[in-house]
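Here is a short briefing to read beside the model.

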Amino acid sequence: MASVTLRGVGKDFGATTILPSIDLEIADGTFLVLVGPSGCGKSTVLRIVAGLEAATRGDVAIDGESVTDKKPRDRDVAMVFQSYALYPHMTVRENLAFALRLRKDPQAAIDARVAEVGEMLGLGALLERFPRQLSGGQRQRVAMGRAIVRRPRVFLFDEPLSTLDAALRGKLRVELKRLHQQLKSTMIYVTHDQIEAMTLADQIVVLNGGVIQQHGTPDELYRRPANRFVAGFIGSPPMNFLDVEIAKDGDGSAMRAPGLELRLPERWPEGPAVLGLRPNDLVPSDDAAAPLSGEVDVVEPIGWEAHLHGRIGETPVCAQLTADVARRYEPASTIRFDIAPRALHLFDRDSGARLSAEAQDA
Amino acid sequence: MEKRASFGRQALRQLILLIVSVIVIYPVLWVVQTAMTPAQEFRREIAVSSWSFDNFRDVVSTKDARGRWLFGRQLWNSLAVAGVTTLFGIFLALTGAYALSRFDFPGRETGLATLLVTQMFPGVVMAIPIYIILDKLKLLNSMWGLTLVYSTTAIPFCIWMLKGYIDTIPKDLEEAALLDGATRWQIFTRIALPLARPAIAVTALFSFMTAWNEFILAATFLNQETAYTLPVAIQRYVESEKTAWGHFAAAAILVSLPVVALFFALQRHLVGGLTAGSVK
Ligand SMILES: Nc1ncnc2c1ncn2[C@@H]1O[C@H](COP(=O)(O)OP(=O)(O)O)[C@@H](O)[C@H]1O
Ligand SMILES: [Mg+2]
């Protein structure tokens, strides 16, 4: 168990800067998920922590002790690869025992530990099989087992579930969460799947273009995304964005766009902005004075809920409704929505940064 | 399901196969027949006559001027040269190929290209310069000299072969081992080597055959009967005024046996899919 600290960690591949500078503080026992689109540098961060890639600048510390110049094997971290990376010429037992044998643990201790971990992961009956004789889910469990046997200070996971089908992914996600509760180790988990991030994480770091966009709990990221990128990345279906104009209106502000007319009691920065609305924050209303009005395009029922796709002005939007409510709306009909003031997310049109209302006069 | 071919097409197919088979098998049959015929004459047709193993006995029991067993000596020369070339070549080619596949170092690209260029010259072209070198090193008529020459010919090719194969072994495996606490050498011996087995087998076979069958260089560098390798020895039976065809053919068969044996010994390593199941 250990804390992990990254200070100004950067990486260039040749002349290309992949990571300008990452600062990150991960407390002991945290399940931290690093999430971001493909190619944003997640794996690179993980590999720098593992020591598989040398940082171009900055410092990595585990438990307050710098490991920047240490070899992977001296860092006491374990990594589960996206590709599993099982040793194909070794049985499951040999795969699990490999690290223990390398560090010359007594044979009896190795046997006991392998049996224990095999039991924990439900691999008991598979110990004598070779990786090629296992299913995808079993292989992934072996890969995790190989990390667990060593009791490393830090676990690193690089998209460990991405090659599995959806059903299995859901199952292993739950197992992983249970595993973390059981082991209470520090885990850094990389994924491009925000649902995985939301369900697993104590802390989420959203990465884009090698830059940390936001670091917080899943709840914080969902409720108060720091910028438009995070707002659009976290949440499913994704947040709707409308270009709006904000003008002064008495003591408060007025927000306008085609199909939108909304008075806000607080004073917001005037000028162009982007309004973000989560699909489940759009509440259908029969009130002719409801602030949003649009046209229904397609209704997608999904069991107890339905996704209503429509347009406000020219902007496509999605509303998440219960199936009963959605049934009332025909394609091409008009729909009005109410929105709670606290459901509004406003972003700067250019920088994408979150806007805040000016403080009420003190 | 594919429709069954008509009778006419089937017959044509079989006929073509038959003709090709005959063309392929004829030389082998000819050599076998010639070896089994006591008379040392050249015959075109293959016909069963009185067969015997006399030629084989004659070849195997060849003695030198002082009555020592020459064939045994030459067989040992061949085995030693080919064996040492193989072991030496595999060791150097494996370590070299691994480094070229896994490490980035100055001269890597140039080195690889240079290795390829050396393969473009036929061995004969280099015979004279190599002769001079061996002469200076006092390695003419020596097993070590020949081994050195064969190794330098075989290693570049082996490096390319092995590198090509090692390139296909997922890097993730080695990184996993690195995190599991393995040193570079442990990764090489415990991960890379077992997985490169098929390529090592092919390379071993290639090195062995290169050394075992080589004639021109051996004939250039060896001029003492006791230093001959078998290909040079065989040539003795084909002399300009009279050729002992029977002995020649028998010797040819004998010389090819170890290669066949080696092939069967290595065959079980020539399997695909060794990395199956390791990475998705
Ligand atoms: N060894 C490398 N050489 C050059 N570019 C690389 C190398 N490894 C990764 N990259 C580049 O760095 C970027 C980030 O890669 P990566 O960390 O793997 O992204 P992610 O895991 O978020 O998908 C990508 O654009 C990738 O092409
Ligand atoms: Mg990645």
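Which residues line the largest cavity? This is a predicted model. The lining is made up of V59(B), T62(B), L70(B), F71(B), Q74(B), L230(B), A233(B), I234(B), R236(B), Y237(B), A251(B) and V255(B).

**Largest cavity**

- Three elements of chain B each give two or more residues to this lining: α3 (70-102), α11 (230-235) and α12 (245-267).
- The volume of the largest cavity is about 90 Å³.
- Nine residues of its lining are nonpolar, two are polar and one is charged.
- The model holds four cavities of 30 Å³ or more.

**Second largest cavity**

- Chain A supplies A78(A), M79(A), F81(A), A143(A), R146(A), A147(A) and R150(A) to the lining. Chain B supplies A176(B), L179(B) and D180(B).
- The elements giving two or more residues to this lining are β6 (77-80) and α4 (136-148) of chain A, along with α7 (171-179) of chain B.
- Helix α4(A) has the largest share, with three residues.
- The lining of the second largest cavity has seven nonpolar and three charged residues, and no polar ones.

- T203(B) sits in helix α9 of chain B, which spans residues 197-213.
- Is T203(B) buried or exposed? T203(B) counts as buried because its relative accessibility is 1%, and the cut-off for buried is under 20%.
- Leaving aside residues up to four places away in sequence, T203(B) touches I90(B), C158(B), M161(B) and L162(B).

**Domains of chain A**

- Chain A splits into domain 1, residues 4-228, and domain 2, residues 240-348.
- The C-alpha centres of these two domains of chain A are 40 Å apart.
- Across the boundary, six residues of domain 1 of chain A contact seven residues of domain 2 of chain A.
- How much area do domain 1 and domain 2 of chain A bury between them? The figure is about 610 Å², with 53% of it on carbon and sulfur atoms.
- On the domain 1 side, Y222(A), P225(A) and R228(A) lose the most area to domain 2 of chain A. Together these three account for 81% of what that side buries.

Technical notes
Residues numbered from 1 in each chain as written. Chains lettered and ligands numbered in written order. Predicted model: local features only at pLDDT ≥ 70, side-chain atom pairs only at ≥ 80, totals over all residues. Heavy atoms only, no water. Helix = DSSP H or I, 4+ residues; strand = E, 2+ residues; numbered from the N terminus. Buried < 20%, exposed > 50% of the residue type's maximum accessible area, 1.4 Å probe, protein only. Contact = heavy atoms within 4.5 Å. 1 Å grid on protein atoms, 1.4 Å probe; cavity = no way out; pocket = protein on both sides within 12 Å on 5 of 7 lines; lining within 4 Å. Points joined across faces, edges and corners; volume = space filled by probe spheres on them. Nonpolar A, V, L, I, M, F, W, Y, C, P; charged D, E, K, R; others polar. Domains from an automatic or database assignment. Buried area = accessible area lost by both parts, 1.4 Å probe.
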